[in-house]
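Open your viewer and get ready to select a few residues and helices. We will go one stop at a time.

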Amino acid sequence: MTFSFEPCGDPVAANERAQRLIDPGFGRVFTDHMAMIRFSDAKGWHDARITTRAPIMMDPASSVLHYAQEIFEGMKAYRLADGGTALFRPEANARRFQDSARRMAMPELPESLFLESVERLVRTDQDWIPDSDGGALYLRPFMFASEVFLGVKPSAEYLYMVLASSVGAYFKGGASAVSIWVSQHYTRAAQGGTGAAKCGGNYAASLLAQKEAISQGCDQVVFLDAVERRWVEELGGMNVFFVFEDGSLSTPALTGTILPGITRDSILTLARAQGITVREEPYAIDQWRADAASGKLVEAFACGTAAVVTPIGTVALPEGRFTIGGGEPGAMTLRIRDSLVAIQRGLAPDANGWVHRLD
């Protein structure tokens, strides 16, 4: 398939772009272009293009608005230490996008089209990558049901798009430890559900629990399993890890209710390469509290594309709070984060072939 290119007729001026990139925050500064591919049962994948980022026309009877057939990905393009530009493990994002599509009864976008759409957009708008420490181009590939039809069935038409957003460091001045609320009334996913798919509905369902966490004075929410309400699963949008006094590392196993994070997988790979004992196993909230109290658990952190690694300092429940270690980012947490960021930025050897250069 050939991508057509429709350059933006009124791009942001270079001096205005430079001003926006001084402090872009996260998810609010967008580039001049976007990628788009259409799908229909009749034509298959077609009409691939890089075009001006602009509002899209949508009929109020579009299937996605009524039955929520929608999936997305999150990834970044980085400016490397040598001045080049690269993506980090985009093939993994492409495969997860296919997995999500399969679960949501949507057509699977071929990996080659996913990669080409992202690569072309980044090459077109690479001047939007901030030069500041921690700056990157956040990429949001997504697909939704666009058929105009009111009926409960898989859509016959879909629109796939990629947006690019200039972002700065998620944490200014270093990653401070966050506090998390253990959700008592809400669960994120159950066996047979969509927990392993990256679909918008999972995140919508987490928002009330996140709102509750904020009302409890916490930064984030962590969910327990839907059956026993005992086993730690993941945060609203991040996987979770535990570091023990013997130097070992554990994380909940992927059982179909947890999103298979690409950052999670990268951390597991790096930790094993460094000789760290790693376990993927269930971990109960009561055990978490007991291990923190005894000193057996010395660190905990969450991970994901946006912040890479987020230290967890305190955990709150209705009966009270407990602190992990000294309540500050731990040594292994920071070491793992620094190791991963160094590879992403081209500052350390890439033994796994994760860095996907675009130059």
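This is a predicted model: local features need pLDDT of at least 70, side-chain atom pairs count only at pLDDT 80 or more; totals for chains, interfaces and linings use all residues.

Residues are numbered from 1 along each chain as its sequence is written, and side-chain values use heavy atoms, with hydrogens and water left out.

**Stop 1: Asn93.** Select Asn93, which lies in helix α3 (residues 90–103); helices here are DSSP runs (H or I, at least four residues), numbered from the N terminus. Asn93 is buried, with a relative accessible area of 2% (buried means under 20%, with a 1.4 Å probe and protein chains only). Now show Glu73: its side chain makes a polar contact with the side chain of Asn93 (2.7 Å). Such a contact is a pair of N or O atoms within 3.5 Å, one able to donate a hydrogen and the other to accept it.

**Stop 2: α3 and α4.** Axes are lines fitted to C-alpha atoms over the stretch in contact, with angles from 0 to 180 degrees between N-to-C directions. The contact (heavy atoms within 4.5 Å) includes Asn93 and Phe97 of α3 and Phe114 of α4.

**Stop 3: α6 and α8.** Select helix α6 (residues 262–273) and helix α8 (residues 331–344): their axes come within 10 Å and cross at roughly 105°. These two are therefore roughly perpendicular to each other (65 to 115 degrees). Among the residues making the contact are Leu270 of α6 and Ile336 of α8.

Technical notes: Buried means under 20% relative accessible area, exposed over 50%, partly exposed in between (1.4 Å probe, protein chains only). Angles under 35 degrees count as roughly parallel, over 145 as roughly antiparallel, 65 to 115 as roughly perpendicular and the rest as oblique.
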